[in-house]
Amino acid sequence: MRIALLAAALMIAPAAMAESVAPDERYSVVKTEKGSIRVDRQTGAISYCREAAGSMVCSMAADERQAWRDEMERMAARIDSLEAKLASTTPLPLQNAPTATKGTDDGLDKAMDKVEGLMRRMIDVAKDAKESWEKN
């Protein structure tokens, strides 16, 4: 198994030095006795693959899994730090925010009066239609 990992690493070394890898050349697969090793030439991630129930199942290598966990813990700590920092800051005042001035409510009151009048007329029309329907 270690020989296969070494072979995979040697195969990707030149590609890992390249700035970008063509999509069709991104992965390198090395067959082993128990399955395959898939190497992502772009990220360097190594996965063990095996056939199960008619499809390929790949899982991260133990070293990769630990590196992933370490990165997740680092990011979680960073998020906690940023959230604490955000919670401890005072919000900035809004600039150019509209402020209530004398007479502002008058326009709103007039608009509401018009809406109320329209609603009352609609209700009256509905009542008239219902009465007319019931008479016929």
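I first looked up the start of the chain, where pLDDT (the predictor's confidence in each residue, from 0 to 100) stays under 50 over residues 1–10, for which the model has eleven contacts beyond four places in sequence, a contact meaning heavy atoms within 4.5 Å. I noted that pLDDT also stays under 50 over residues 12–19, with six contacts beyond four places in sequence. Where pLDDT is low, the predicted coordinates should not be read in detail.

I kept in mind that this is a predicted model, in which local features need pLDDT of at least 70 and side-chain atom pairs count only at pLDDT 80 or more, while totals for chains, interfaces and linings use all residues. Residues are numbered from 1 along each chain as its sequence is written, and side-chain values use heavy atoms, with hydrogens and water left out.

Confidence is lowest in helix α1 (residues 2–17), at a mean of 44, and highest in strand β1 (residues 27–31), at 88; helices (H or I, at least four residues) and strands (E, at least two) are DSSP runs, numbered from the N terminus.

I then looked up the sheet, which is open and has four strands in the order β1-β2-β3-β4, with antiparallel pairing; two strands pair if DSSP finds at least two bridges between them. Because β1 and β4 (55–60) stand at the edges, each with a single partner strand, one side of each is left without a neighbour in the sheet.

Between β1 and strand β2 (residues 36–40) I found five bridges, and Tyr 27 has Asp 40 in β2 as its bridge partner.
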